[in-house]
Amino acid sequence: MEQRHLGRTGLRVSRLGLGTLNWARDTDEQEAADQLKTFWEAGGTLVDTADIYADGGAEYLLGQLMEGLVPRDDLVIATKAGSVLEADRRVDGSRRHLLAALDASLQRLGTDYVDLWQLHAFDPHTPLEETLQALDVAVASGRARYVGLSNFSGWQLAKAATWQLAAPGVRNRLASTQMEYSLLQRGIEREVLPAALDLGIGLLPSSPLGRGVLTAKYRHATPADSRGASDHLAAFVAPYLDETGSRVVDAVTTAADGLAVTPLQVALSWVRDRPGVAAPILGARTAQQLRAALSVETLSLPDEIRRALDDVSAPVHHYPDHDWSTL
């Protein structure tokens, strides 16, 4: 698998990443082992997790699998901290919480360090400089090699990145930002992506297949074994099962038929090769689904197909996101 630099850093990652959101919940140990081995044998290196996935279960399972299945040094392990499962608070960006969460993640993962440590979300109740200081402490102590963000808006990303760049050699530049991005969700193109490109921050798209909708599996009905039919993920899929989503899926299916490939391959190839993208994160539930996604490695969309998909999925940008002179 082709390797790419993560933002303006020396860290290289596989241009597809393996997500573990489903591990220890919808994906059991044997299936997770098959996924990890399949991914590694395909040349994949970037494995993404978080401390709240399955209440820590995903990290623990990954740590167990690294003991004998895949060499630790062959992987780029990325995890996240900051999200909390509390009734009155969803994010805790305090230095106290973040560094304690990192220690707990390392223990579950069974490793002395993570290659990429990410803030899971922006905390409006904690001074940003305090939150960012936790990232610098993590790198200075050797517990994290690189740092990044997730789910930060454009101004939040720019503020954080500028703060880090203001003291080179003391503060660590942000390597990445992880955001939802697909043909069904192009909202980051308004501010987040331009900021990331300008600041040299690599983009790690989550849900690159539109929460599974871009595979066309929901085109005529909801499969009984799909996320759209599950109690805890049906609401996650539902927003893209609308008229707009249907129009985009139809275009993806038409392109796939013309290229003699699958809708999954078309949708994933589109997002993988967008400007600024380092590696889409694949949240497969089974090894079979993962293998289907990894088959995209040899596919590059023709320019005319790419332009057609750009047009049918184009988000509406109004002032001030659009060039004012054309309004």
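This is a predicted model: local features need pLDDT of at least 70, side-chain atom pairs count only at pLDDT 80 or more; totals for chains, interfaces and linings use all residues.

Modeller: Residues are numbered from 1 along each chain as its sequence is written, and side-chain values use heavy atoms, without hydrogens and water.

Colleague: How many helices and strands has the chain?

Modeller: Helices (H or I, at least four residues) and strands (E, at least two) are DSSP runs numbered from the N terminus. The chain has eleven helices and twelve strands. Its radius of gyration (over C-alpha atoms) is 19 Å, close to the 20 Å of the globule rule (2.2 Å times the number of residues to the power 0.38) for 327 residues, so the chain is as compact as a globular protein of that length.

Colleague: Which residues have the most contacts inside the largest nonpolar core?

Modeller: A nonpolar core is a set of buried Ala, Val, Leu, Ile, Met, Phe, Trp, Tyr and Cys residues joined through side-chain atoms within 4.5 Å; buried means under 20% relative accessible area (1.4 Å probe, protein chains only). Here the largest core has 83 residues, and W23, L36 and W117 have the most contacts inside it. Apart from it lies another core of twelve residues, including L6, L11, V13 and A175. Buried residues make up 54% of the chain.

Colleague: Which residues lie closest to the centre of the largest pocket?

Modeller: On a 1 Å grid over the protein atoms alone, a pocket is an open set of points with protein on both sides within 12 Å along at least five of seven lines, a cavity is a set where a 1.4 Å probe fits but cannot get out, and lining residues have an atom within 4 Å of a point. The largest pocket holds about 1300 Å³ of space. Of its 44 lining residues, L21, S206, S207, R227 and F236 are the closest to its centre. Helix α10 gives the most to this lining, with four residues.

Colleague: Which residues line the largest cavity?

Modeller: The largest cavity has about 40 Å³ of space. Its lining consists of G93, A121, F122, D123, T126, L128, T131 and F152.

Note on methods:
Buried means under 20% relative accessible area, exposed over 50%, partly exposed in between (1.4 Å probe, protein chains only). Grid points are joined across faces, edges and corners, and a volume is the space filled by probe spheres set on the points.
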